[in-house]
Amino acid sequence: MMKELLDKASAAYYEGNPIISDEEFDRLSEHSGYTKLGAPAPNAVPHFAKMYSQQKVHFGEEEPNLPDSVKTPKLDGAAISLLYISIDDVMCLSKILTRGDGIKGQDVTEKLRHLVPESFCTSLSPKVYQINCEVVASKEIPNARNYAAGAMGLKSVDEIMTRDLSVVAYGKVPLAGTYLDDLALLKMWGFTTVADNMDKFPTDGFVIRINDTKLYESMGYTSKHPRGSYALKPKAEIVVTTLERVEWQVGRSGVVSPVAILTPVKIGDATISRATLHNMDYINALNLELGCGVEVIRSGEIIPRIVGRV
């Protein structure tokens with residue numbers, strides 16, 4: 001049951017429509033030994049260059065020793081790639097893809113093109129650029145990550161255009177001399193970048209990356225991650241309490257979902273007595289019963305979520 005749930009969650013994430021948070025997915029994967037990377041989106045289209053994820057290191061753990069490194073915010077949204085090709089010496093937007101499995105993604109060009117530069121000029125010689133970005137929403141919006149990622153799953157372009165979304169660039173292919181050079185070029189070409197002020201967007205730690213491109217590339221890649229960078233993330237505090245009962249609530253979209261009523265417990269500076277349970281698949285996968293002990297986190301330090309049975 002757990003594998004089926006994580007397969008479903010993994011596929012939904014790579015389609016740009018996550019059904020559980022990163023913290024929940026990570027915790028459930030640890031519990032069950034789940035290692036599957038995900039699935040390509042339906043009607044998947046190849047990226048110009050593979051999109052890698054970052055190796056995760058939590059605060060307080062031993063960090064890789066990366067010389068001459070740069071620290072940028074790790075935005076909590078949904079990754080996309082933008083493909084620009086040269087037409088009469090002007091770089092023109094050709095395609096926007098969701099991250100998918102990193103090799104192929106779903107074409108969301110018409111849904112998101114209003115958020116990015118349609119073209120830019122450069123005297124540099126490459127005729128094709130892939131700009132890697134994150135789609136994000138203001139952290140003032142409840143559940144901002146799912147709000148941003150879920151937009152790519154909407155069918156109506158008009159509805160997507162009503163959403164308060166931004167696209168922030170964090171890298172490009174081919175690379176420049178240094179990572180900071182890349183970010184400066186992206187800024188000059190009209191992109192908002194992770195080197196700008198990111199205070200209005202939700203973040204999930206930092207990305208630590210070697211600045212020198214030649215050194216970064218010489219370190220190579222695993223099947224999942226570049227060796228020249230990593231994500232430094234906070235580890236969600238886990239507390240144990242009791243599942244007293246379950247109530248059902250109707251959301252703004254009309255979807256009925258279960259809510260756990262808990263014996264009140266403190267996480268950080270908040271007292272938690274309720275937590276989301278998503279749906280019956282989630283309840284069954286965790287084998288939850290009334291009166292059982294449960295592990296609870298505050299996802300993104302905001303939303304209480306049950307991530308395991310004791």
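The exercises below concern a predicted model and its sheet, helices and nonpolar cores.

**Exercise 1.** Give the order of the strands in the open sheet and find its edge strands.

*Solution.* Step 1: the sheet has six strands, in the order S7-S5-S4-S8-S9-S10, and the pairing is mixed. Step 2: an edge strand pairs on one side only, and this holds for S7 (119-121) and S10 (192-193).

**Exercise 2.** In which sense do S8 and S9 pair, parallel or antiparallel? Which helices pack on the sheet there?

*Solution.* Step 1: strands of a sheet pair through backbone hydrogen bonds, in either a parallel or an antiparallel way. Step 2: S8 (residues 128-137) and S9 (residues 165-173) are antiparallel, with eight bridges. Step 3: within this pair, Asn132 stands opposite Gly171 of S9. Step 4: helix H4 (residues 144-151) packs on the sheet and touches S4 (78-87), S8 and S9; the direction of H4 makes about 135 degrees with that of S8. Step 5: helix H6 (residues 179-188) also packs on the sheet, touching S8, S9 and S10, and the direction of H6 makes about 135 degrees with that of S9.

**Exercise 3.** Describe the largest nonpolar core, and say which element gives the largest share of it.

*Solution.* Step 1: the core has 41 residues, and those touching the most other members are Ile80, Leu82, Tyr84, Ile131 and Phe191. Step 2: elements giving two or more residues include S3 (69-75), S4 and S5 (90-98). Step 3: S8 gives the largest share, six residues. Step 4: take Phe191, whose contacts include Leu82, Pro117 and Leu186. Step 5: apart from this core lies another of 26 residues, among them Ala9 and Ile306.

Definitions and conventions. Residues numbered from 1 in each chain as written. Predicted model: local features only at pLDDT ≥ 70, side-chain atom pairs only at ≥ 80, totals over all residues. Heavy atoms only, no water. Pairing = 2+ DSSP bridges. Helix = DSSP H or I, 4+ residues; strand = E, 2+ residues; numbered from the N terminus. Contact = heavy atoms within 4.5 Å. Axes fitted to C-alpha atoms, helices over the stretch in contact; angles between N-to-C directions. Core = buried A, V, L, I, M, F, W, Y, C linked by side-chain atoms within 4.5 Å. Buried < 20%, exposed > 50% of the residue type's maximum accessible area, 1.4 Å probe, protein only. Lists of a residue's contacts leave out its neighbours within four places in sequence.
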